[in-house]
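Hi everyone, thanks for coming.

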Amino acid sequence: HSGGLRGRGEVSLLLPMSMLTALLLPAASYVLQRAGPPLLRSPPVRGFAAARGARPAMAEAAEEKRATADVIPGMVAMEASPATVRAPGCPSCEVEWVAKSKDVEGTEAERLAALRGSDMAAYIGEIWEYGQHMNDTQRQELALTPDMECRRFVIDASTPPTPLMEAVYNATMVRVPYEQACYVCGPEQAMLLRTLVAIARPRQALDIGCFTGYASSAIVDALPRSAQLTCLEVEPTWTGLASELLEGRAASFETGPAIETLRRFEEEGRRFDFVSLDADKPMHGEYYNASLRLLRPGGVLVMFGMLLFPTVEDQQAMEALHEVLPNDTRVSTAQLPVGCGIQLIVKTEEVDPAAPPLHYASQRADGSVGGLASQPPADGDAAQLERTRRVILQLREP
């Protein structure tokens, strides 16, 4: 269940086993350095400046790209479901999805059988084309079995999820159409996120692309008692479910385009100690820069979806970030192959390791947060006093 990518309207192609067997030859072509014709090869965007310049054109041609890259001509894709949340206690959406997929798989098997009997060249070409598509977007799935074994080991070796995390995950799997629910971040990613928040002890945390609130539940369960989590989500249906599942917790929700909300936060002088980013991948470069402007020096940014890409468009955007992040002098970063891939980022801009520690306020004693970004950090005795005060507050918390 760990896509970790919010491809809200994206759907997967379901193939019969005979076709999956036929994919072995084109899949092997990846190992043999793509011996065949690059039917679906889209050159990756190199460099963040190039990615930013290319993004509007990619957005304008999104429908055309989907016709040539996400759905192979002639093949039948399952229809995308609208954003839907069912009432508690409904039958599992996963069971419904499996039954629906079997119908689509049967129809596809009949079509391929007919094509094979009438035009073998077209049949082989279609199989090859889909294999190239898999090379472009789901290369890691070639190692699915060992990946699942590793995931089980990692999950079993981690502190179990809290009751809140379990409730949010299970509600997502049961109440959300399965083709959308599978984009929730993986349990091992949520466990890592919870641990990182517990280490960072942020007062103001931000979750960009909260979906149904699973990652948010991991964050909020590790926050200090007086801290606050702000969750951003473009789809009102998901915001409604997340706010329902996290009711009574220190989490607030903003519905709308994330980039607009981030700009408003910057205008308001907001400052955050911790940011989780798992939204639409073609916009991740914009979100990354906006998040750094809101993040205090020494703050932590965790970015999801760095290794697995459901679309060529997503892959191009994330490959651009792969080149930029290691060379960005504003941050120190490392990538972890956990779930769909996690990038750990610490903002080092304005941080002098040789200087005495500074204290950057993200929240006042009365809980207010506006205008703090323009205030200089406390230093010397004032910084030490603030650090001592925070330690005392943390010791008093359960």
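This is a predicted model: local features need pLDDT of at least 70, side-chain atom pairs count only at pLDDT 80 or more; totals for chains, interfaces and linings use all residues.

Residues are numbered from 1 along each chain as its sequence is written, and side-chain values use heavy atoms, with hydrogens and water left out.

A nonpolar core here is a set of buried Ala, Val, Leu, Ile, Met, Phe, Trp, Tyr and Cys residues joined through side-chain atoms within 4.5 Å. Buried means under 20% relative accessible area, exposed over 50%, and partly exposed in between, with a 1.4 Å probe and protein chains only. The largest core has 42 residues, and L193, Y214, L223, L229, F274 and V302 touch the most other members. There's also a second, separate core of 27 residues, including V275 and M283.

Now, salt bridges: a side-chain nitrogen of Lys or Arg within 4 Å of a carboxyl oxygen of Asp or Glu. The whole structure has 11 of them. Take R151 and E188, which pair up at 2.6 Å, N to O. R151 sits in helix α7 and E188 in helix α10, so this bridge ties together parts 37 residues apart in sequence. Helices, by the way, are DSSP runs (H or I, at least four residues), and strands are E runs of at least two, numbered from the N terminus. R151 is buried at 14%, and E188 is buried at 4%.

Last one: R330 bridges to D328 at 2.8 Å. R330 is partly exposed at 24%, while D328 is buried at 10%.
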